[in-house]
Amino acid sequence: MATTATLTLSSADIAGDPVNVSTTATLTKAGGVVDMDQFNYCRINLGSTTDKVLIPAAHEYSTTNSNKLYVKNLSETASEYVTLKIEGSTGVSFGKLYAGQWLFMPYNQNDAAALMEVLPSVAGIDIEYALVHENADILADD
C-alpha cells in the first residue's frame with residue numbers, strides 16, 4: 001500500500017477569486033521507487049516556555065534518506081503559537097504555528113548541534129508531530 005500525503009487548499013476569496021488546489025504525493029524512500037515504511041508519532045504537552053527538542057540527536061537522519069516531518073499546534077486559543085527552530089550556535093527560528101496550524105516538510109538531520117525544536121508562547125500547549133522516514137529508530141522512547 002502506498003504511503004501518501006494529501007494537501008487541499010480551498011478559499012472563496014484569498015486571491016480575489018475562488019481557489020481550489022489539491023495535490024497528493026506518494027512518499028518514497030530515496031531513489032523514488034520504494035514506499036516509506038517507518039512512521040513515528042508523538043503527542044505532547046509543552047508544559048513550560050522553554051525549547052523542546054522534537055527529534056533527539058541520537059536519531060539523526062542522514063542527507064541520503066528521504067524523511068518527512070509533520071508538526072501541528074493543537075491549541076484552540078488563537079493567540080497561542082509555537083516557534084519552530086533549528087537549534088545550533090545561533091538557534092535559527094523559521095516560523096510560527098498558531099492554533100490549529102500545521103507544517104509538513106522534508107527533513108534531514110545530519111548535525112547533532114542542529115536539532116529541530118519548538119518553543120511555545122505559553123506553557124501548556126499541546127502539539128503532535130510525526131516523522132515518516134527510512135530508519136527504524138523510535139522517537140517515543142526518548
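How many nonpolar, polar and charged residues are in the lining of the largest pocket? The first legend has the answer. Bear in mind that this is a predicted model, where local features need pLDDT of at least 70, side-chain atom pairs count only at pLDDT 80 or more, and totals for chains, interfaces and linings use all residues. Residues are numbered from 1 along each chain as its sequence is written, and side-chain values use heavy atoms, with hydrogens and water left out.

**View 1. The largest pocket and its lining.** This pocket (an open set of points on a 1 Å grid over the protein atoms alone, with protein on both sides within 12 Å along at least five of seven lines) holds about 170 Å³ of space. That volume is the space filled by probe spheres set on the points, which are joined across faces, edges and corners; the probe is 1.4 Å. Lining residues have an atom within 4 Å of a point, and here they are A5, T6, L7, T23, A25, L27, K68, W102 and F104. Strands β1 (4-11), β2 (19-26) and β8 (102-106) each give two or more of them, with β1 giving the most, three residues. Strands are DSSP runs (E, at least two residues), numbered from the N terminus. So, back to the opening question: the lining has six nonpolar, two polar and one charged residues. In this scheme Ala, Val, Leu, Ile, Met, Phe, Trp, Tyr, Cys and Pro count as nonpolar, Asp, Glu, Lys and Arg as charged, and the others, Gly among them, as polar.

**View 2. Y81 and Y98, a tilted aromatic pair.** Rings of Phe, Tyr and Trp (its six-membered ring) pair if their centres lie within 6.5 Å; planes under 30 degrees apart are stacked, over 60 edge-to-face, and the rest tilted. The count comes to one pair: the ring centres of Y81 and Y98 are 5.1 Å apart and the planes sit at 50°, so this pair is tilted. Since Y81 is in β6 (residues 81-86) and Y98 in β7 (residues 92-98), the pair ties together parts 17 residues apart in sequence.

**View 3. The largest nonpolar core.** Such a core is a set of buried (under 20% relative accessible area, 1.4 Å probe, protein chains only) Ala, Val, Leu, Ile, Met, Phe, Trp, Tyr and Cys residues joined through side-chain atoms within 4.5 Å. Among its 19 residues, L54, L69, V71 and I127 touch the most other members. The largest share, four residues, comes from β10.

Technical notes:
Buried < 20%, exposed > 50% of the residue type's maximum accessible area, 1.4 Å probe, protein only.
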